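Please open the two chains in your viewer and keep the selection panel at hand. The tour below moves from one selection to the next and says what is found at each stop.

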Amino acid sequence: MASDNVNDGRDARDAGDEAAAGAGLSTAPAQEDETPAAADAPREGGTVHPGSFGGARRPGAAGAAGWLAREVTGWTRWAWRQLTSMRVALILLFLLALGAIPGSLIPQSDANALLVEEFKADNDLLGRVYERLQLFDVYSSVWFSAIYILLFVSLIGCIVPRTWQFTGQLRGRPPRAPRRLDRMPAYTTWRTGADPEQVLGAAQRVLKRRWFRTAPGEGSVAAEKGYLREAGNLLFHLSLIVMLVAFGTSQLFYSEGGKLVVEGDGFSNTLPQYDDFSSGTLFDVDHDLDPFGFTLNEFTAEFSREGPDLGTPTVFRADITYWTPDGTETDATVQPNQPVVIGDSKIYLLGHGFAPVITVTDGQGRTAYSGPVPFLPQDTALTSTGVVKVTDYLDENGEPEQLGFQGFFNPSYAIDEVRGPHSTFPDPDLPVLTLTAYHGDLGLDSGIPQNVYQLNTRKLEQFTDEDGEPFRFDLLPGESIDLPDGKGTISYEGYERWATFKVSTKTGNGWALTGALAAVAGLAGSLLLQRRRVWVRATTDEAGRTVVELASLGRTESARIPEELADLAAALQPDAPMIPESSDQGARA
Amino acid sequence: MNLAMSEELADLSNYLIYSAMAVYTLAFLAHIAEWLFGSRSKVARTAAALTADAEAVPAQRGADTIGVTVRGKGGSTDVLERPAVVTRSASPRRDAVPDGPGAAAGDEKGDLYGRIALSLTVLAFLMHLAAVVVRTVAVERAPWANMYEFSTSFSMTVVGAYLLFLLAKKNVAWLGLPLVATVLLDLGLAVAVLYTDSTQLVPALDSVWLIIHVALAIGCGALMYVAVVSTVLFLFRDSYENKLASGGTPGKLATSVLERLPSSLSLDKFSYRITAAVFPVWTFTIIAGAIWAENAWGRYWGWDPKEVWAFITWVAYAAYLHARATAGWKGRRAAYLGIAGFVCYLINYYGVNMFVNSLHSYSGL
Ligand code: HEM
């Protein structure tokens with residue numbers, strides 16, 4: 001403003017006045033750069049160390065100790081201020097985002113350990129470097145943890161004083177009107193015939209009716225509104241802490257296991273029954289697993305048979321009956337997106353496939369094996385591979401031996417040059433079992449745990465046909481085939497479906513959800529509400545008329561704040577009717 | 001509904017998309033004409049405002065209204081419908097800079113083309129909307145199951161938001177050209193690369209949370225896009241004003257284009273307000289996703305690439321909002337963070353769907 005140039009002296013005083021008017025409108029820390037104080041000049045003599053907090057060091061051990069203590073507390077306070085400053089919070093947020101990136105590009109061992117192994121096999125050196133940097137376990141790595149722990153320390157260090165400050169503000173009063181209201185971000189004025197007391201009284205009523213907190217002052221009224229913004233902001237940051245704690249708790253107490261169940265078979269919720277299982281360090285496997293079990297009565301899968309979606313699934317459904325310790329049995333259905341909840345455990349449906357029912361008779365005509373054998377799907381048309389291991393077997397001479405079969409189960413069988421035997425549709429339209437057979441030692445006694453879906457052929461000999469080619473056969477349900485040299489028969493009775501389930505317990509989900517929803521509510525308050533102050537002043541001018549001045553100051557520059565001021569001015573009209581002015585005197589400055 | 005009918009409807013939806021694209025193209029050309037004609041008029045209000053020692057302009061007062069003056073430190077005024085209020089803002093000098101007059105810059109022909117462009121955009125939007133609705137009917141589910149559908153819904157929401165802003169009398173007409181251009185790009189990509197016949201919803205996606213989570217994600221993305229366009233333009237306009245303020249002379253083209261945009265302050269505020277409003281919703285979107293993941297996979301958070309990038313996007317926007325609240329970081333630095341946030345959103349959408357092995361790879365490709 002042009003007039004500003006001539007009254008610099010008054011400006012300085014006004015600036016302080018205006019700063020006071022806006023003080024405490026937010027609890028956000030100011031950006032301060034505190035560096036070791038050289039300003040602490042030596043008062044009592046001694047050596048001064050520039051750039052130190054300790055100030056002057058007096059001679060002698062006591063002097064040194066005192067200096068050291070001041071130095072340490074000084075630096076600690078400085079570090080703490082840095083850590084809890086907005087700038088460091090910003091940098092830590094940035095680092096958190098940056099640090100999360102590698103985990104989305106490099107395979108992670110808790111998501112897919114197999115991919116990690118593959119990666120390491122393919123990239124020897126890089127694999128070792130990544131391993132060192134914990135890049136296969138980014139989200140539990142030391143450095144990632146360090147970032148978020150620092151962030152949350154910073155958060156707590158920030159939130160506690162702010163909450164304190166905020167409660168202070170809630171108990172205090174809005175600061176009194178600054179001398180020059182016309183320098184506030186939004187301002188209005190008019191003259192009226194009503195006397196000042198009446199105007200101020202009316203203003204206070206109008207403001208109160210609009211949920212402002214008001215404080216009458218000398219010839220003016222101060223008012224403030226929108227504390228919920230600050231409350232929302234604090235709630236949001238607190239909720240972040242709640243969510244982190246809930247997340248951490250769930251890591252300590254979770255349990256999660258997978259189980260493949262063939263139709264007609266059952267499962268009971270004990271550790272040995274699981275195919276795979278993992279749990280948090282504080283989960284007590286012996287006591288914390290819910291006592292229940294279930295039987296898979298039927299698994300239904302339906303697939304689209306026409307149109308562009310040929311072969312895509314439309315229905316997956318596992319009908320189960322579960323029992324609980326009180327002896328009740330309940331029928332339930334597990335579907336994708338619809339887990340069944342029993343106690344603290346949730347049962348999810350994860351996958352499905354086929355299990356051909358196979359009977360093997362040995363060289364002595366005894367039944368050596370009979371039952372469904374789950375084959376694992378390799379593609380969406382359920383081309384499945386699997387093995388049959390027969391241990392309880394006597395050969396044609398009555399000598400104990402072992403048999404192994406390996407091959408394909410294809411629900412809709414097809415064969416071609418490129419792909420070999422495969423399936424063209426996931427429904428069992430032509431469910432062919434294609435196997436090759438081995439005899440010898442399955443290697444089960446070696447003590448090394450074996451994958452039930454793989455055959456270790458090192459000590460096995462493959463059966464061959466008359467031409468010396470590997471003995472290989474296709475079977476349809478109900479068919480059987482004799483093994484060469486009177487070694488027995490294998491029959492393919494039919495097939496069952498199987499489903500894989502995940503049983504998991506999670507502690508802290510409720511807290512995580514509560515925290516998350518509170519965070520959203522807090523955010524909405526923090527970002528959508530405005531905290532603002534309004535001042536009304538009524539003075540008498542030289543002509544004896546009352547000059548009404550209204551001004552408002554918001555935390556952010558929102559268009560709604562001047563609009564609100566205009567509304568307030570309009571609402572004051574009945575009590576402070578305006579005296580029309582002949583000439584425009586808007587620029588009262 | 002039988003298959004033949006739903007295929008016919010799906011085809012109809014495709015034709016509508018093609019038609020919408022054709023009309024958007026015409027709107028694009030009309031916008032170009034608007035900018036070209038607008039360049040004939042010489043406007044140089046910015047330099048004047050930045051260099052002149054502007055007087056405080058008295059607020060307009062009617063005889064019987066109360067003058068509420070919204071004052072800028074330099075003296076710009078806003079006349080509100082009700083009493084005028086003077087405001088001023090934290091960044092002193094910039095306050096004086098008036099918003100540009102828009103693409104047509106008062107040129108009569110330019111203005112005509114601007115209105116043609118807007119009418120065409122409305123027409124194209126209606127076709128676009130119809131295409132999405134027909135697709136919904138054809139597939140008998142929410143139209144958000146693959147990237148083709150995401151993309152068509154996304155650009156529809158962008159245009160819808162733009163038109164709503166216009167309807168609410170917000171000063172957003174300057175968004176017309178960049179928005180229509182990118183909507184064309186998005187639809188072109190959808191039709192040429194992402195298209196899939198697939199209509200079925202696999203059981204894994206069949207959940208109310210699909211509707212909530214995906215609809216919100218698309219809506220947030222669309223608004224964040226509008227915000228980021230404003231942020232990018234802010235950066236250009238800010239450099240332009242800086243140059244003028246320091247006595248430089250920007251190039252002719254830069255002057256012609258940037259002079260017609262809103263002031264850097266307005267652009268910055270516009271994108272901040274949108275981002276601030278979207279951020280809580282985006283937060284809820286991620287929560288909805290977590291609830292869904294808990295339902296589908298038995299864990300609400302598993303650091304799957306899609307989840308990771310949603311998180312990164314969220315953190316980037318949180319950093320942006322923090323930056324805005326931190327004195328030394330306002331302005332350009334905050335703007336870079338806002339742009340980074342949207343880039344993260346894009347990486348999550350295109351990158352993770354198409355190139356990364358994720359549980360969430362539902363691109364339909
Ligand atoms: C865990 C990570 C954090 C996230 C995601 C986060 C997010 C946010 C968001 C979204 C806002 C709203 C911005 C606004 O009101 O304009 C905000 C405000 C704020 N945050 Fe954080 N924050 C985090 C950590 C911190 C930390 C560590 C501090 C303290 C050093 C802090 C201090 C503040 C302050 C003071 C405000 C209020 C600014 C204002 O009054 O406008 N935040 N934060």
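**A loop in chain B**

Begin by selecting Trp303(B), which is buried at a relative accessible area of 17%, where buried means under 20%, exposed means over 50% and partly exposed lies in between, with a 1.4 Å probe and protein chains only. This is a predicted model, in which local features need pLDDT of at least 70 and side-chain atom pairs count only at pLDDT 80 or more, while totals for chains, interfaces and linings use all residues. Residues are numbered from 1 along each chain as its sequence is written, chains are lettered from A and ligands numbered from 1 in the order in which they are written, and side-chain values use heavy atoms, with hydrogens and water left out.

Trp303(B) sits in the loop between α8 and α9 of chain B, and its phi is near 55°, a positive value in a residue other than glycine.

**The helices on either side**

Now select residues 264-297 and 305-325 of chain B, which are helix α8 and helix α9; their axes come within 10 Å and cross at roughly 150°. That angle makes α8(B) roughly antiparallel to α9(B), given that angles under 35 degrees count as roughly parallel, over 145 as roughly antiparallel, 65 to 115 as roughly perpendicular and the rest as oblique. Axes here are lines fitted to C-alpha atoms, for helices over the stretch in contact, and angles run from 0 to 180 degrees between N-to-C directions.

Of the 365 residues in chain B, 57% are buried.

**A partly exposed leucine**

Next, go to Leu129(B) in helix α3, residues 108-139 of chain B. Is Leu129(B) buried or partly exposed? With a relative accessible area of 32%, Leu129(B) is partly exposed.

**Across to chain A**

Select residues 196-209 and 560-572 of chain A, helix α8 and helix α11, whose axes come within 10 Å and cross at roughly 125°; α8(A) and α11(A) are therefore oblique to each other.

Finish at Gln134(A), in the loop between α6 (124-132) and α7 (142-171) of chain A. Its phi is near 60°, a positive value in a residue other than glycine, and Gln134(A) counts as partly exposed at 28% relative accessibility.

Note on methods
Helix = DSSP H or I, 4+ residues; strand = E, 2+ residues; numbered from the N terminus.
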